[in-house]
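Here is a friendly briefing to read with the model open beside you.

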Amino acid sequence: LGAMTAMRGGGRPVVLGGLVLLLSAVAGVQTEDAKETLVEIPISDIRSAAQLKQLIGEPPAPKDAPDGFAWSHYTGGVNISLSVLYPLENSVVTPDFEAIVQIAADPLGAFQQQFADALHCIEIDDGPLACWPIVKQPARLPRFHLDRGLHRMRAVMTDETAETLLPHTWTLYRNFVVGEQAPEDVSQFPHMEHSDQGDQEAPEGEVEMDIPRLAVKQPLEMSLINTRFFDLAYEVFTSEVEKFNEFFNASYVCCSLDNAGRSCWPLLDSPTFPRWMRIPDGAHSVDIMTTHPNTGELIPGSVSPLRTFLVHAPLGAQSADEDEDEWALQGDAVVLNINVAGLAHELPVQRTADFDMVAERFCSSRGVGNAECIENIVQEIREEFRKKPPQRKKRNHIVSTSMGELLVPQLEEEEEAVTDALFHAIEVCRREQQASGSGLDCLNQQSALFQLRETLSPIAQEKVLVFIGELGPAFGF
């Protein structure tokens with residue numbers, strides 16, 4: 001694996017599954033007589049991206065172009081595929097962890113030339129995409145700080161403009177659990193040696209520094225973005241610049257979009273601005289903080305003030321994503337046209353937003369920070385949503401479990417609350433199974449659904465009863 005991603009131009013693929021992880025790794029430049037080393041490791045022993053990266057080794061170098069030919073002149077196609085190598089399926093990771101995305105490209109030299117500015121992006125729990133460079137150096141593995149519990153991720157790549165996704169590169173979903181266990185020392189595993197994550201040796205004594213403070217520069221407060229992506233620009237304030245540059249060169253800037261988990265980029269030496277993509281219409285907020293250079297933990301005192309911005313993109317604006325409907329990006333939102341001092345302003349608002357906060361920030365940013373402005377805008381937002389019925393959630397009603405497939409009944413629109421409860425019960429049972437529980441939590445969910453069914457029509461009651469009976473066995477309870 002390279003510093004950022006694994007790019008393989010050939011060789012045998014890495015297969016993940018079952019109880020044992022089989023890694024076929026070729027070190028150095030691949031040749032016809034390259035020797036492979038087979039390493040057999042229990043999946044439960046892989047506790048960090050660093051361990052997996054060390055097991056796999058370095059990818060083969062790209063083959064040189066034929067004499068008299070440069071990859072910049074190549075006009076043929078480039079075959080690209082992505083896969084998530086870490087976290088492993090149904091594994092338990094620490095709240096702060098790195099992800100590994102493998103990118104297979106052929107021919108590799110043409111890929112590096114053509115996609116030099118492309119990004120690879122990771123989606124966590126169906127949210128917006130956080131993106132990192134692929135070819136540009138220096139680069140590090142994507143890093144995350146997530147709340148404890150069940151999560152899922154998938155990855156995708158952009159085209160050479162870094163503005164449009166390549167739909168055919170979407171990976172399968174990878175399910176994992178954020179827990180409390182700490183990664184174990186890699187020295188106990190065969191073919192692995194212990195190595196520190198930092199680029200520098202720890203100083204002999206402790207170093208005392210003031211906590212740095214961060215601030216978001218871009219996007220601007222209450223600015224309107226008319227694309228589905230934005231780049232994050234930030235400032236770092238410290239009274240000890242030389243010390244900071246010396247001791248924080250391995251730290252990260254970690255961004256939370258709309259109060260979700262944090263995606264992290266190198267604080268000082270990232271080759272590109274942090275980019276977020278596939279942002280739905282409406283009001284959004286970001287804040288950032290940095291990590292401790294030794295422990296990697298978030299430093300609460302470094303958190304930036306909350307920055308609120310607006311997104312309202314025209315149909316098809318840099319969001320080409322063939323497996324998603326455009327309405328999903330437009331979201332359940334309305335757009336208000338507001339006149340302030342003779343100037344027209346657009347204010348997109350999501351149904352789930354805090355209307356008072358959006359109105360307060362809009363009025364304040366336009367120099368009309370009074371209660372009447374806020375009250376009028378909140379009233380107009382509510383009136384617009386009364387005219388627009390809520391959209392139904394897109395759901396997959398065939399759910400894969402460890403025991404097979406579970407069919408979730410499709411109920412009427414007015415019974416959406418019960419549908420929410422059905423999917424919530426599935427996640428509770430899945431989480432309990434992954435934690436090797438007894439099935440009591442899953443049973444409690446079945447009991448709760450049994451009571452909920454009384455609010456349904458007779459036909460819907462029968463469907464839910466069948467689901468209740470199949471829920472426990474679908475997870476081995």
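Helix axes here are lines fitted to C-alpha atoms over the stretch in contact, and angles run from 0 to 180 degrees between N-to-C directions. Helices (H or I, at least four residues) and strands (E, at least two) are DSSP runs, numbered from the N terminus. This is a predicted model, in which local features need pLDDT of at least 70 and side-chain atom pairs count only at pLDDT 80 or more, while totals for chains, interfaces and linings use all residues. Residues are numbered from 1 along each chain as its sequence is written, and side-chain values use heavy atoms, with hydrogens and water left out.

**The chain overall**

- The protein chain has nine helices and 26 strands.
- Of its 477 residues, 46% are buried; buried means under 20% relative accessible area, exposed means over 50%, and partly exposed lies in between (1.4 Å probe, protein chains only).
- Among the contacts in the chain with a separation of 6 or more, 68% are between residues 24 or more positions apart; a contact means heavy atoms within 4.5 Å.

**Helix 7 with helix 8**

- Helix 7 (residues 416–434) packs against helix 8 (residues 440–452) at an angle of about 170 degrees, and their axes are 8 Å apart.
- That angle makes the two helices roughly antiparallel; the classes are roughly parallel under 35 degrees, roughly antiparallel over 145, roughly perpendicular from 65 to 115, and oblique for the rest.
- Helix 7 passes helix 8 in a left-handed crossing, meaning that the near helix is turned anticlockwise from the far one by less than a right angle, whereas clockwise would be right-handed.
- On the helix 7 side the contact is made by A421, L422, H424, A425, V428, C429 and E432, and on the helix 8 side by L440, D441, C442, Q445, L449 and L452.
- By class, the residues of this contact are nine nonpolar, two polar and two charged; Ala, Val, Leu, Ile, Met, Phe, Trp, Tyr, Cys and Pro count as nonpolar, Asp, Glu, Lys and Arg as charged, and the others, Gly among them, as polar.

**Helix 5 with helix 6**

- The axes of helix 5 (residues 355–365) and helix 6 (residues 371–387) come within 9 Å and cross at roughly 130 degrees.
- Helix 5 and helix 6 are therefore oblique to each other, and their crossing is right-handed.
- F355, D356, A359, E360, F362 and C363 of helix 5 meet C373, I374, I377, V378, I381, R382 and F385 of helix 6.
- This contact has 10 nonpolar, no polar and three charged residues.

**Strand 11 and its partners**

- Strand 11 (residues 149–158) is largely enclosed by the rest of the structure, because nine of its 10 residues are buried.
- Strand 8 (residues 119–124) runs antiparallel to strand 11, joined by five bridges; two strands pair if DSSP finds at least two bridges between them.
- In strand 11, V156 is the residue opposite C121.
- Strand 13 (residues 174–178) is also antiparallel to strand 11, with five bridges, and R174 of strand 13 stands opposite M153.
- Strand 12 (residues 165–166) pairs with strand 11 in the antiparallel sense over two bridges, and L166 of strand 12 stands opposite M157.
- The hairpin of strand 11 and strand 12 has six residues between the strands, including A162 with its positive phi near 65 degrees.
- A162 is a residue other than glycine, and it is buried, with a relative accessible area of 7%.

- Strand 18 (residues 252–257) pairs with strand 21 (residues 282–290) in the antiparallel sense over five bridges, and L257 has V286 of strand 21 as its bridge partner.

**Loop residues to look up**

- H292 lies in the loop between strand 21 and strand 22 (307–311) and counts as partly exposed at 32% relative accessibility.
- Not counting residues up to four places away in sequence, H292 touches S251, E297 and I299.
- R278, in the loop between strand 20 (275–277) and strand 21, has a positive phi near 55 degrees and is buried, with a relative accessible area of 11%.
- The peptide bond joining Y86 and P87 is cis, with omega about 10 degrees.
- The bond from D106 to P107 is cis, with omega near 0 degrees.
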